[in-house]
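My notes follow the order in which I looked things up.

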Amino acid sequence: MFTRVPTLLQRRLIFVTGKGGVGKSTVATAIGIVAARHGLRTIVAELSAQDSLQRTFDQESEPFQEVELSPGLFTISIDAQHAMEEYLKLRVGPLGHALASSRLFGAFAMATPGMRELLSIGKVWELAQLNRRTRDAAPYDLVVVDAPATGHGVGLLRTPRTFAEIARVGPIAAQAGTIAATIADRSFTGVIAVSTPEEMPVNETIALRDALARDALALDAVIVNARYPSRFDTGEIAAIEAALAAADGSPSRGPLRAALSEHARAATQATQQERLEQEFPGLVVTLPFMFAPAIGLAELEALADALGELLGEPAGEGAR
Ligand SMILES: Nc1ncnc2c1ncn2[C@@H]1O[C@H](COP(=O)(O)OP(=O)(O)OP(=O)(O)O)[C@@H](O)[C@H]1O
Ligand SMILES: [Mg+2]
């Protein structure tokens, strides 16, 4: 069960996706913390305008601003509207300024299928460039994308390629083609699925792999999040069951029941984890369930400790 994914921190761009609620944002942040500990200038880009990271780190800012949460760790919340305004101002100059403030143009552009995704991923791409287009912007060593849940996440990764194919010529096609090539370059871009060890998320992770494969993309790691500890062996479970049978009406029934149900949950999780390990040999990395009222900074640091041992080292200075 001790998988290592040694080359992950050598990429410049990592997408974190998975079923809704499995811990994508938590894992994306933990990866960001690990990378920053290694001295990588890292930004975690939230794509669904959640702003949750800034709240955890007790920071406030304008939307679409790059905010430093702790030394070397930044965050940005990307939304399509701001991405379009920035794109137009940068690419089309004064005309772009006029277009960006035109509500009709905005409504038209945003109604184009896939345009929102293209603009958002275009901004992610921009963040990952060494020579950034936005004025005075410093480069990042690593961009971790807290991507939308699975279905949308796949769409997001596919969008640039779709635009490049349908537009064929013109600036949008060229730009989309460049972004698609970046995503397809596995030495530059990594894709991680987060799953809890439960049946539905595991099903979705397998479906995600198949959907990515249709676009010649692949998962670089599967992170099993929130794994319960297995606290009791078979003998102990038998003893707890016997005690429960004998504890008629006694207040000890509650804790005994709780122990049995936690054991059952851990057993179900073990089965689902096995499925993942069979489907993704050598790619499964496991993070523990954190027993805390909420995932705050201390829990994120602890998850980063666990991940740090599994993710390997970034490339040396010369290799970048
Ligand atoms: N390892 C863990 N142990 C305990 N709780 C966790 C763990 N990872 C995440 N959580 C909790 O589970 C909930 C969902 O986590 P998170 O917001 O990271 O998921 P998500 O996949 O980003 O969700 P969404 O699809 O809504 O964006 C949060 O309340 C988070 O604090
Ligand atoms: Mg999230």
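Leaving aside its neighbours within four places in sequence, which residues is leucine 219 in contact with? I took contact to mean heavy atoms within 4.5 Å. With those neighbours set aside, I listed Arg186, Val191, Ile192, Ala193, Thr205, Leu208, Arg209, Leu212, Phe280 and Leu283 as the partners of leucine 219.

Ground rules next. The model is predicted, so I note that local features need pLDDT of at least 70, side-chain atom pairs count only at pLDDT 80 or more, and totals for chains, interfaces and linings use all residues. Residues are numbered from 1 along each chain as its sequence is written, chains are lettered from A and ligands numbered from 1 in the order in which they are written, and side-chain values use heavy atoms, with hydrogens and water left out.

**Overall**

I looked up the secondary structure and found eleven helices and eight strands. These are DSSP runs numbered from the N terminus: helices are H or I with at least four residues, strands are E with at least two. The C-alpha atoms fill a box of roughly 80 × 45 × 40 Å along the principal axes. Of the 320 residues, 47% count as buried. Buried means under 20% relative accessible area, exposed means over 50%, and partly exposed lies in between, with a 1.4 Å probe and protein chains only. The accessible surface comes to about 15300 Å², and 56% of this belongs to carbon and sulfur atoms. I note the method for areas: Shrake-Rupley with a 1.4 Å probe, where only the protein chains shown count as cover for residues. I also checked contacts between residues at least 6 apart in sequence: 74% of them join residues at least 24 apart.

**Cores**

I searched for nonpolar cores, meaning sets of buried Ala, Val, Leu, Ile, Met, Phe, Trp, Tyr and Cys residues joined through side-chain atoms within 4.5 Å. The largest has 50 residues. Phe15, Ile78, Val124, Leu127, Val143, Val145 and Leu219 have the most contacts inside it. Helix α5 (residues 115-127) gives the most to this core, with seven residues. A second, separate core has 33 residues, including Leu8, Ala28, Val44 and Leu307.

**Serine 120**

Serine 120 also sits in helix α5. Is serine 120 buried or exposed? It counts as buried, because its relative accessibility is 8%. A polar atom of its side chain lies 3.0 Å from the backbone oxygen of arginine 116. Leaving aside neighbours within four places in sequence, serine 120 is in contact with Leu47, Ile78, Asp79, Ala80 and Ala83.

**Ligand 1**

How many residues surround ligand 1? I counted 14, with Gly21, Lys24, Ser25, Thr26 and Met290 the closest. To be near, a residue needs a heavy atom within 4 Å. The shell divides into six nonpolar, seven polar and one charged residue. Helix α1 (24-37) and strand β7 (221-227) each supply at least two shell residues. The largest share, three residues, comes from α1.

Then I checked the polar atoms. An oxygen atom of ligand 1 is 2.8 Å from a polar backbone atom of glycine 21. A nitrogen atom is 2.9 Å from an N or O atom in the side chain of asparagine 225. A nitrogen atom is also 3.0 Å from a polar backbone atom of proline 288. The protein covers 67% of the 630 Å² of accessible area that ligand 1 has on its own.

Most residues other than glycine have a negative phi. Alanine 226 has a positive phi of about 65°. It lies in strand β7, and is buried at 17% relative accessible area. Alanine 216 has a positive phi of about 60°. It is in the loop between α8 (199-214) and β7, and is exposed at 66%.

Valine 202 is in helix α8. It counts as buried, because its relative accessibility is 0%. Beyond neighbours within four places in sequence, valine 202 is in contact with Ser195, Thr196, Gln272, Arg275 and Leu276. Glutamate 165 lies in helix α6 (residues 150-167), and is partly exposed at 46% relative accessible area.

Notes
A polar contact is a pair of N or O atoms within 3.5 Å; within protein, one must be able to donate a hydrogen and the other to accept it, and residues adjacent in sequence count only if both atoms are side-chain atoms. Ala, Val, Leu, Ile, Met, Phe, Trp, Tyr, Cys and Pro count as nonpolar, Asp, Glu, Lys and Arg as charged, and the others, Gly among them, as polar.
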